[in-house]
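Biologist: Could you zoom in on one part of this model for me and walk me through what sits around it? Please spell out your cut-offs as you go.

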Amino acid sequence: MPLEMGKVRLVGAGPGTVDLMTVRALRAVETAQALLYDALVADEILALAPAGCVRIQTGKRAGKTSMKQETINRLMLRLARRGLNVVRLKGGDPSVFGRSGEERAFLEAHGVEVDVVPGVTAASAAAAQFAFPLSHRGEARRIAFATARVQDGSVVEGGWSGLADAETTLILYMARDAARAAAARLMAEGRAPGTPALAVENAGREDARILSTTLSMLGEDVENAAFSGPVLLVVGEVASQARAAYAPSLRAASARS
Ligand SMILES: C[S@@+](CC[C@H](N)C(=O)[O-])C[C@H]1O[C@@H](n2cnc3c(N)ncnc32)[C@H](O)[C@@H]1O
């Protein structure tokens, strides 16, 4: 008798600690029969998977290379065809720069049922941890989640004019190495050089660090900070409200402590 097709869940693990996972995400991991996880997923979360669960690392960790998206898609399909309950675990929210659209389209085209379990995205974790809001009445009426980087690692060329508006809180994902270029493009489009800006490393975790600066200094300050973990950039008036609870070794010029 043919096996019943398994299901794939694209699950958001949040920013890295178990207590910032949703209950639904926690249950999905605890009942997974196969777990494909990204580099940003913390070990304490992986430890929740049951003993017999097949674990496959798909992201770059400890010097290993990342799997190609096509390989990940095929692997999920193969495991689902074996009738397994597959969990594809990603840092933050799978819908925010998490390729959930591509993975869902591929799996559904092959007849696999897909569920998405949302997670706390890095921007929300950073805002909560360092006490600044993402929106603020009369000051930040819009929030933009953007990336400065395209697939080949270069800086995104177009679209900056829409992000230069003074009442927008701009969150840049995957922008650590493009901070200088991103800041230059925003200023060229009219965003004021004195606009408060932040870089947050390892948001939501105990070892999080925050750097508080201005748009004109963002590139230089980020380069000098030599971050090694995942980094989020925040540009906008709300950044001036950040409190540098964890900034022992970084300049925290405008952050209240
Ligand atoms: C491929 S994106 C995934 C984003 C993820 N889906 C989310 O919702 O947070 C990876 C980028 O997210 C940001 N990021 C993820 N986790 C982070 C964290 N804990 N602290 C700061 N930035 C983080 C960094 O900009 C990193 O380069």
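Modeller: Elements first: helices (H or I, at least four residues) and strands (E, at least two) are DSSP runs, numbered from the N terminus. This is a predicted model, where local features need pLDDT of at least 70 and side-chain atom pairs count only at pLDDT 80 or more, while totals for chains, interfaces and linings use all residues. Residues are numbered from 1 along each chain as its sequence is written.

Let's start at V155, which sits in the loop between strand 6 (142-147) and strand 7 (168-173). V155 counts as partly exposed because 18 other C-beta atoms lie within 10 Å; the cut-offs are 20 or more for buried and 12 or fewer for exposed, with partly exposed in between and C-beta atoms placed from the backbone. Skipping residues up to four places away in sequence, V155 touches A148, R149, A178, A181 and A182, where contact means backbone-placed C-beta atoms within 7 Å. For scale, T213 is 58 residues from V155 in sequence and 21 Å from it in space, C-alpha to C-alpha.

Next, the helices. Helix 6 (residues 179-188) and helix 7 (residues 215-225) have axes that come within 8 Å and cross at roughly 175° (axes are lines fitted to C-alpha atoms, for helices over the stretch in contact, with angles from 0 to 180 degrees between N-to-C directions). So helix 6 runs roughly antiparallel to helix 7, a label for angles over 145 degrees. Helix 6 brings A179, R180, A183, L186 and M187 to the contact, and helix 7 brings L215, S216, L218, G219, V222 and E223. By class, that's 7 nonpolar, 2 polar and 2 charged residues (nonpolar: Ala, Val, Leu, Ile, Met, Phe, Trp, Tyr, Cys and Pro; charged: Asp, Glu, Lys and Arg; polar: the others, Gly among them).

Zooming out, the protein is divided into domain 1 (7-117) and domain 2 (122-241), bounds that come from an automatic or database assignment.

Beyond four places in sequence, the contacts of V234 include A126, T169, I171 and V200.

Notes: Parallel < 35°, antiparallel > 145°, perpendicular 65-115°, else oblique. Contact = placed C-beta atoms within 7 Å.
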